[in-house]
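These are my notes from a first reading of one structure, set down in the order in which I looked things up.

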Amino acid sequence: MIISEQEKKELEDIYQSFLHDERILKMKSISMHRGSNCYIHSFKVAKLAIKRALRHKKGNLQVILVGAILHDYYLYDWRTDKSKMRHHMSSHPYAAAENAERDFDVHEPVKKVIQSHMWPVNISDFPKTKEARIISNADKAIYIKEISCSKAYKKKREQKYYKQIEKLFDE
Ligand SMILES: [Fe+2]
Ligand SMILES: [Fe+2]
């Protein structure tokens with residue numbers, strides 16, 4: 001999919017506004033895998049999902065971008081919050097969708113992609129749209145990359161990740 005410079009700029013502006021939004025910045029305190037955190041993870045998923053959508057000429061790019069950035073916007077740390085630990089894998093997409101609706105007034109297609117990103121863990125919530133499938137797959141690809149890193153150089157890796165997510169479109 002070839003998009004105009006104008007469209008590219010619009011997507012970059014949306015990305016940047018989320019990247020610096022103080023509600024989104026809270027995700028930095030939620031640790032994830034090996035030098036990543038919820039904030040880094042979400043923007044990495046967003047970048048990969050947009051790249052794949054452009055390559056395969058699929059989906060509404062704004063839905064993909066916003067859905068990917070907010071797909072893990074559940075805002076609690078299941079490692080420290082014992083009440084959330086047990087059902088985190090299956091319940092966090094619904095918590096994230098609820099928070100996204102409350103804080104960013106997202107519309108139905110975005111809510112749907114957030115809710116279905118954990119398929120097949122949530123077997124009944126199949127990602128029915130192209131946008132949902134791109135995000136669910138990008139999430140898994142980033143997750144696998146994150147967990148396959150060694151535990152060493154965690155701090156260094158974190159700095160590298162922050163550099164990588166500075167922009168949606170690399171030069
Ligand atoms: Fe998730
Ligand atoms: Fe995720």
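This is a predicted model: local features need pLDDT of at least 70, side-chain atom pairs count only at pLDDT 80 or more; totals for chains, interfaces and linings use all residues.

Residues are numbered from 1 along each chain as its sequence is written, and chains are lettered from A and ligands numbered from 1 in the order in which they are written.

**Overall build**

I looked up the secondary structure, where helices (H or I, at least four residues) and strands (E, at least two) are DSSP runs numbered from the N terminus. The protein has nine helices and zero strands, and from the N terminus on its elements run α-α-α-α-α-α-α-α-α. Its radius of gyration is 15 Å, close to the 16 Å that the globule rule gives for 171 residues, so the protein is as compact as a globular protein of that length; the radius is taken over C-alpha atoms, and the rule is 2.2 Å times the number of residues to the power 0.38. The C-alpha trace spans about 45 × 40 × 30 Å along its principal axes, and 35% of the 171 residues count as buried.

For contacts I used the rule that two residues touch if their C-beta atoms, placed from the backbone, lie within 7 Å. Among contacts between residues at least 6 apart in sequence, 62% join residues at least 24 apart.

Which residues of α4 are buried? I found Leu61, Val63, Ile64, Leu65, Val66, Gly67, Ala68, Ile69 and Leu70; that is nine of the 10 residues of α4, so this helix is largely enclosed by the rest of the structure. The cover over these buried residues includes α1 (5–19), α3, α6 (88–104), α7 and α8.

I then took the helix pairs, for which axes are lines fitted to C-alpha atoms over the stretch in contact, and angles run from 0 to 180 degrees between N-to-C directions. Angles under 35 degrees count as roughly parallel, over 145 as roughly antiparallel, 65 to 115 as roughly perpendicular and the rest as oblique. A crossing is left-handed if the near helix is turned anticlockwise from the far one by less than a right angle, and right-handed if clockwise.

The axes of α4 and α7 are 9 Å apart, at an angle of about 45 degrees, and the two helices are therefore oblique to each other. Their crossing is right-handed. Val63, Val66, Gly67 and Leu70 of α4 make this contact with Pro109, Val110, Val113 and Ile114 of α7. I sorted residues by type, counting Ala, Val, Leu, Ile, Met, Phe, Trp, Tyr, Cys and Pro as nonpolar, Asp, Glu, Lys and Arg as charged, and the others, Gly among them, as polar; the contact of α4 with α7 then divides into seven nonpolar, one polar and no charged. On the α7 side, Val110, Lys112, Val113, Ile114 and Gln115 are buried, and the buried residues of α7 pack against α4, α6 and α8.

The axes of α4 and α8 come within 9 Å and cross at roughly 40 degrees, so this pair too is oblique, and its crossing is right-handed. Here Val63, Ile64, Gly67 and Ala68 in α4 meet Glu131, Ile134, Ile135 and Ala138 in α8, and the residues of the contact divide into six nonpolar, one polar and one charged.

**Backbone in the loops**

I kept in mind that most residues other than glycine have a negative phi, and most peptide bonds are trans. Lys57, in the loop between α3 (38–56) and α4 (61–70), has a positive phi of about 55 degrees although it is not a glycine, and with 8 C-beta neighbours inside 10 Å Lys57 counts as exposed. Leu75, in the loop between α4 and α5 (82–85), has a positive phi of about 60 degrees, and its 16 C-beta neighbours inside 10 Å make Leu75 partly exposed. Finally, a cis peptide bond with omega of about 5 degrees joins Trp119 and Pro120, and Pro120 lies in the loop between α7 (108–115) and α8 (130–147).

Definitions and conventions. A residue is buried if 20 or more other C-beta atoms lie within 10 Å of its own, exposed if 12 or fewer, and partly exposed in between; C-beta atoms are placed from the backbone.
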